[in-house]
Amino acid sequence: MRLAEYPDDIAFATAIGILPARHAARPPNPSVPSKFLTEARLFRRLGISKVLISNMLVRANRNGTTLEAELLANGAIVESTYYEALAEILDLPFLPELDPAQVEDIAGADSQLVDPTVVRLRHPVRPPITAIVPSAARLTYLAERLAQSPGLRMTLAATTPSAVRSALWQAGQKRRLRESIDQLFGSAPEASARITLWGRQGFYTGAALTLALVLAVAEPTAALLVLHIVLSFFFFATFFIRLVALVATKRQQKRLRPAPPAGRRPVYSIFVALYREAAVVPQLIDTLNRLEWPASRLDIKLICEADDQETLDAMAAMRLGPQYEVVAVPAGRPRTKPKALTYALGAARGEYLVIYDAEDRIDPMQLEEAWRTFEASPPETVCLQAPLVITNARESWVSALFALEYAGLFRVLLPRLAAARMPMPLGGTSNHFRTRVLQAVGGWDPFNVTEDADLGLRLYRKGYRCGTLTRPTYEEAPTEVHAWLGQRSRWFKGWLQTWLVVMRRPSMLIREMGLGASIVFQVLIGGLILSSLAHPLIVAYIALITGQLLSGQAYNVGALQLTLFVMDMANIFGSYAIFVALGRAGMTPPERAAVGRKWMLTPVYWLLASRAAWRAVRELRSNPFFWNKTAHRPASVKTEAAVGTSS
């Protein structure tokens, strides 16, 4: 950050002596806050240069932090060396590491993960010791207390924030793992996908299947007709919603960026769940380091499975700043991303929290836009979805169609749903939350393999709303059919889980969401699932009737069959067309050029989606919580060249 980047910089710099008074835009402040002067004297005593102290004081004033926080975040002082120096000043023993076996995992212990200041250590043969984290602001107070009560030195020791957090993470890991798995199910069991068919759902499902089977045997023609009409309705409904979004996008004006809010930037928590991601760790750290947000106001948690040693080693090999914390999640089932995120949720320090994937490349100004949007939005807006942009559309027809799909979803459909205050199925990354609300609703469901869609709908049912951003997150799509099928099968399985959870009490759903929003949910989630499952059947029917018409057997095609044929043709080819049109409407010219004519393979792409949907139905019964891991690699293309934008 540069001096005088903000209006108060020159006046503040003049007040603390960086600039002479003649450079001030207005009369200098008569005094520097006493906390800054106290800190400055301490750090001069510790040998820090006046120039560095002055520069860090400007940052502290701008960011609403302390000189101590800025020096640590900047890397100007080493945490262990600094706190050892404070221990010497206080004449206390220094503990660079704490034994987790001696830490009591008592009620409220996790609060020290947020703001580590003190922890109690019990030894089997010696008296207990209280390990404290001294600070520049409290140093005078601590020194006075120790002078008044010299005996306290026998029961106190100094340590570092990292040592406290590390010991607490390990001491409470079993309890925290149990809570992360059971919390949502224990507090709101009907909102958890832990049980696939809840209560009467099993009975109704069995009864419906039995009735359908009986009808198919007794009146096959009538059964097929009813099924055909239902499927045609859902096809048309999904087509219609996307058509409305496309038309609205053509008419909407360019979005205005919200004005900068008053006040200092808050602490922003960034959660990244990693599993077998050693290859992309360097890229991840590089993109996180590029974020335009004060390092002293960042709380970055890299959340990794404790038995994923390769990824842990890759992170250990990186030079991570003080804003980073590696959280090792103990092994336990279900082994899912939402379980890992929930495990770390109680330790979030930020007023806002964002989720990223390990392979993401983030627009550096995304946090800034999210903060401004939150501050300009009503309190019920608790989540913002950033657009996900695919940058490797040229690599294969699969990645090209994936890019087209994402462009239509994140840059056309979701913004229109947000503008209409309709329920939004979130993407799996780049969701920004108000942290306290996220914690209050129970976080993510560890048993739902599309935790994003589930959480977006749960927030909506509780009266909250989601919005969208314009600053993107860049990703690379799978390029091979096998990898794409695995990922899409997991998504369909999660959407099935979400639909079953939301539909446990249909009458309550309508009361909480309203009739219109309930219908939109049914079309977006239920319609997507049903139309994907039925897609090959509709295509087969079109092929059958087309064959009869072309072979001179038109007399065998009745009026009803012909009507259904026309409806199916309109639905299928209309859906293909709107899929392509939505995607192209959301793309930049270079992106459209990267897709080229691969959009002509949309019918094949949809048939593959149907295969993934049927695979998901099978997995929902046999292996409902299995997380089909998508392998990632460092980005192989330059982002700006791929999408025609500059981050």
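Aspartate 299 has a relative accessible area of 2% and is therefore buried; the term buried denotes under 20% relative accessible area, exposed over 50% and partly exposed the range in between, computed with a 1.4 Å probe on protein chains only. The model described here is predicted, so local features are reported only at pLDDT of at least 70 and side-chain atom pairs only at pLDDT 80 or more, while totals for chains, interfaces and linings use all residues. Residues are numbered from 1 along each chain as its sequence is written, and side-chain values use heavy atoms, with hydrogens and water left out.

The side chain of aspartate 299 forms a salt bridge with that of lysine 301, at 2.6 Å from N to O. A salt bridge is defined as a side-chain nitrogen of Lys or Arg within 4 Å of a carboxyl oxygen of Asp or Glu. Lysine 301 is also buried, at 0% relative accessibility.

Helices (H or I, at least four residues) and strands (E, at least two) are DSSP runs, numbered from the N terminus. One side of β5 carries Leu298, Ile300, Leu302 and Cys304, the other Asp299, Lys301, Ile303 and Glu305, and both faces are covered. Strand β4 (residues 268-274) runs parallel to β5 and is joined to it by 7 bridges; two strands count as paired if DSSP finds at least two bridges between them. Lysine 301 in β5 is the bridge partner of phenylalanine 271.

**Salt bridges**

The structure contains 25 salt bridges. Side chains of opposite charge can pair when their charged atoms come close. Three of these pairs are set out below.

| Salt bridge | N to O distance |
|---|---|
| Lysine 301 and aspartate 299 | 2.6 Å |
| Lysine 337 and glutamate 451 | 3.8 Å |
| Aspartate 454 and arginine 458 | 3.0 Å |

Lysine 337 and glutamate 451 meet through their side chains. Because lysine 337 belongs to helix α14 (residues 337-345) and glutamate 451 to helix α18 (residues 451-461), this pair ties together parts that are 114 residues apart in sequence. Lysine 337 is buried at 12% relative accessibility, and glutamate 451 is buried with a relative accessible area of 4%.

Helix α18 also holds both aspartate 454 and arginine 458, which are 4 residues apart, about one turn of the helix. An α-helix has 3.6 residues a turn, so residues three or four places apart point the same way. Aspartate 454 and arginine 458 are both buried. Elsewhere, a network of salt bridges links Asp105, Asp110, Arg175, Arg176 and Glu179.

**A three-stranded sheet**

Strands β1, β2 and β3 form an open sheet of 3 strands in the order β1-β2-β3, with mixed pairing. The edge positions are taken by β1 (118-121) and β3 (156-158); each has a single partner strand, so one side of each is left without a neighbour in the sheet. Strands β1 and β2 (residues 129-132) run antiparallel and are joined by 4 bridges. Within this arrangement, valine 119 stands opposite alanine 131 in β2.

**Aromatic pairs**

There are 22 aromatic pairs in the structure. Rings of Phe, Tyr and Trp (its six-membered ring) pair if their centres lie within 6.5 Å, with planes under 30 degrees apart counted as stacked, over 60 as edge-to-face and the rest as tilted. Phenylalanine 433 and tryptophan 444 make an edge-to-face pair, at 6.2 Å centre to centre and 85 degrees between the planes. Phenylalanine 433 lies in strand β11 (residues 431-434), and tryptophan 444, 11 residues apart from it, lies in the loop between α17 (435-440) and α18. Phenylalanine 433 is buried at 1% relative accessibility, as is tryptophan 444 at 3%. Ring pairs also join Phe402, Tyr406, Phe410, Trp491, Phe492 and Trp495 into a cluster.

Serine 396 occupies the loop between β10 (388-390) and α16 (397-419) and is buried, with a relative accessible area of 13%. A polar atom of the serine 396 side chain lies 3.3 Å from the backbone nitrogen of valine 398. Serine 396 also touches Thr479 and Lys598, when residues up to four places away in sequence are not counted; contact means heavy atoms within 4.5 Å.

Helix α15 (residues 366-376) has 8 of its 11 residues buried and is therefore largely enclosed by the rest of the structure. Among the buried residues of α15 are Glu368, Glu369, Trp371 and Phe374.

Conventions. Polar contact = N/O pair within 3.5 Å; in protein donor to acceptor, adjacent residues only side chain to side chain.
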